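Please read them with the structure open.

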Amino acid sequence: MMKTKTTQNILLFLLAFLGLGAIGGGAVLIISPMGALLGMPVSMLERSPFNSFLIPGIILFTMLGLAPCLLIPALLKKPACKLAEKLNCFPDMHWSWTYSVYVAFALIIWIQFQMVFLQTVHWLHTFYMLFAVGLIYVALLPQVRNLYKR
């Protein structure tokens, strides 16, 4: 069985990897909402409710970029936050742990919407779907759960 500190570091690494990548990808989509910087034609969005990559870029930047990055210090320091507690569906756990699980499910939903709107599956969809499952798995490890139990 892995040590508690090792599993916590894996969780923090996964959140950092996701967050930094999504901040970069989201920023590029916000800066270039017609997709030119990433070589993605706006025609990719014809089956989606968006006519540019601006809104998807903002969602990617905030929900899958900033949120996981802000969770890292919260997981390390375990601060109190009444607002975050209101949305914590696991009252026996610290809100930062719960939100790390929320981020993983947000990633799954994000990938599902991409596949539906794009009507295709790219290897990155598979990678990030497995990544989200891995993030949930690590968060659910007993060592990690015990660390964030109240």
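Which residues in α1 meet which residues in α5?

1. T7, I10, L11, L14, L15, F17 and L18 of α1 meet F127, Y128, F131, G134, L135, V138 and A139 of α5, where contact means heavy atoms within 4.5 Å. By class, this contact has twelve nonpolar, two polar and no charged residues. Ala, Val, Leu, Ile, Met, Phe, Trp, Tyr, Cys and Pro count as nonpolar, Asp, Glu, Lys and Arg as charged, and the others, Gly among them, as polar.

2. On the basis of these notes: this is a predicted model, in which local features need pLDDT of at least 70 and side-chain atom pairs count only at pLDDT 80 or more, while totals for chains, interfaces and linings use all residues. Residues are numbered from 1 along each chain as its sequence is written, and side-chain values use heavy atoms, with hydrogens and water left out. Helices are DSSP runs (H or I, at least four residues), numbered from the N terminus.

3. The axes of α1 and α5 come within 10 Å and cross at roughly 150°; axes are lines fitted to C-alpha atoms over the stretch in contact, and angles run from 0 to 180 degrees between N-to-C directions. The two helices are therefore roughly antiparallel, the term for angles over 145 degrees. α1 passes α5 in a left-handed crossing, that is, with the near helix turned anticlockwise from the far one by less than a right angle.

4. Helix α5 covers residues 123–140, and its 18 residues should span 26 Å at 1.5 Å a residue; the end C-alpha atoms are 26 Å apart, which agrees. The expected span is 1.5 Å times one less than the number of residues. Its buried residues (under 20% relative accessible area) are H125, M129, F131, A132, L135, I136, V138 and A139. What covers them includes α1 (4–31), α4 (95–118) and α6 (142–148).

5. I10 lies in helix α1. With a relative accessible area of 29%, I10 is partly exposed, a class that runs between under 20% and over 50%. Leaving aside neighbours within four places in sequence, I10 is in contact with M2 and V138.

6. Helix α2 (residues 54–77) packs with α4 at an angle of about 155°, the axes being 10 Å apart. This makes α2 roughly antiparallel to α4, and their crossing is left-handed. By class, the contact has 17 nonpolar, two polar and no charged residues.

7. The 24 residues of α4 should span 34 Å, and the end C-alpha atoms are 34 Å apart, which agrees. After α4 comes Q119, with a positive phi near 55°.

Technical notes: Buried means under 20% relative accessible area, exposed over 50%, partly exposed in between (1.4 Å probe, protein chains only). Angles under 35 degrees count as roughly parallel, over 145 as roughly antiparallel, 65 to 115 as roughly perpendicular and the rest as oblique.
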